[in-house]
Amino acid sequence: MQIACAHCLTRNRVPDARLADGPQCGHCHRPLLPAAPVAVSGNDIVRLVSGTELPVIADFWADWCGPCKVMAPQFAAAAAQLPHVRFAKVDTEAARETSAAYRIRSIPTIVLFRRGKEIARQAGAMSAADILLWVRPYL
């Protein structure tokens, strides 16, 4: 399975049987499957979702957004419960072009990607339980 490192965006091949072994990036040696969301800047989200065979859930948020701040710990709690799903956070203020390209109209918005393609999205703050309920049919 190919997994793009969220830190250096290097594509790594990891045998499916070794996903639970805590694989690390061959280039930067950081964990490929952290149990917490990773911050992704600018157009890096495009490279991350296209270079990863695992599902990726991106949270489009902004620092000034109250509901985004409320949802952040819930998003992290959901990430801890789904170790074979990548959770990424995209700051819409720092990545305005990317947010526009994905037609983000309200925040928070979470988008589920599989093999580089958007397959679902949900706007509005959600609890960890609601995030898990929302994503499970797509896994």
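Let me start at proline 108, which sits in the loop between H3 and E6, where helices (H or I, at least four residues) and strands (E, at least two) are DSSP runs numbered from the N terminus. The peptide bond that leads from isoleucine 107 into proline 108 is cis, with omega near -5 degrees.

Before going on, a word on the basis: this is a predicted model, in which local features need pLDDT of at least 70 and side-chain atom pairs count only at pLDDT 80 or more, while totals for chains, interfaces and linings use all residues. Residues are numbered from 1 along each chain as its sequence is written, and side-chain values use heavy atoms, with hydrogens and water left out.

The loop that holds proline 108 also holds isoleucine 104, and its limits are helix H3 (96-101) on one side and strand E6 (109-114) on the other. Is isoleucine 104 buried or exposed? Its relative accessible area is 13%, so isoleucine 104 is buried, given that buried means under 20% relative accessible area, exposed over 50%, and partly exposed in between, with a 1.4 Å probe and protein chains only. If we leave aside residues up to four places away in sequence, isoleucine 104 touches Phe60, Thr92, Ser99, Thr109, Val111 and Arg121, a contact being heavy atoms within 4.5 Å. As for lysine 89, which is 15 residues apart from isoleucine 104 along the chain, the two C-alpha atoms are separated by 13 Å.

Now to the strands. Strand E6 has 5 of its 6 residues buried, and is therefore largely enclosed by the rest of the structure. Strand E4, residues 56-61, is mostly covered, again with 5 of its 6 residues buried. E4 and E6 run antiparallel and are joined by 5 bridges, where two strands count as paired if DSSP finds at least two bridges between them; phenylalanine 60 has threonine 109 in E6 as its bridge partner. E4 also pairs with E5, this time in the parallel sense and over 6 bridges, and here valine 56 has arginine 86 in E5 as its partner.

On to E7, which runs antiparallel to E6 and is joined to E6 by 6 bridges, with lysine 117 in E7 as the bridge partner of arginine 114. E6 and E7 form a hairpin with 2 residues between them. One of the residues in the turn is arginine 115, which has a positive phi of about 50 degrees although it is not a glycine. Arginine 115 counts as exposed, because its relative accessibility is 56%.

Leucine 9 lies in the loop between strand E1 (2-4) and strand E2 (11-13), and, at 11% relative accessibility, leucine 9 counts as buried. In strand E1 itself we have glutamine 2, which counts as buried at 17% relative accessibility and whose contacts beyond four places in sequence are Arg11, Asn12, Arg13, Gly51, Thr52, Glu53 and Leu54.

Next, the aromatic rings. I pair rings of Phe, Tyr and Trp (its six-membered ring) if their centres lie within 6.5 Å, and planes under 30 degrees apart count as stacked, over 60 as edge-to-face and the rest as tilted. The count by this rule comes to 4 aromatic pairs. For phenylalanine 75 and phenylalanine 87, the ring centres are 5.0 Å apart and the planes stand at 70 degrees, so this pair is edge-to-face. Because phenylalanine 75 lies in helix H2 (residues 66-81) and phenylalanine 87 in strand E5 (residues 86-91), the pair ties together parts that are 12 residues apart in sequence. Phenylalanine 75 and phenylalanine 87 are both buried. Elsewhere, ring pairs link Phe60, Tyr102 and Phe113 into a cluster.

On a 1 Å grid over the protein atoms alone, a cavity is a set of points where a 1.4 Å probe fits but cannot get out, and lining residues have an atom within 4 Å of a point; grid points are joined across faces, edges and corners, and a volume is the space filled by probe spheres set on the points. How many cavities of 30 Å³ or more does the rule give? The count is 1, and the largest cavity has a volume of about 50 Å³. Its lining consists of Leu33, Pro34, Ala36, Val38, Ala79, Pro83, Val85, Arg86 and Phe87. By class, that lining has 8 nonpolar, no polar and 1 charged residues, where Ala, Val, Leu, Ile, Met, Phe, Trp, Tyr, Cys and Pro count as nonpolar, Asp, Glu, Lys and Arg as charged, and the others, Gly among them, as polar.

Methods. On a 1 Å grid over the protein atoms alone, a cavity is a set of points where a 1.4 Å probe fits but cannot get out, and a pocket is an open set with protein on both sides within 12 Å along at least five of seven lines; lining residues have an atom within 4 Å of a point.
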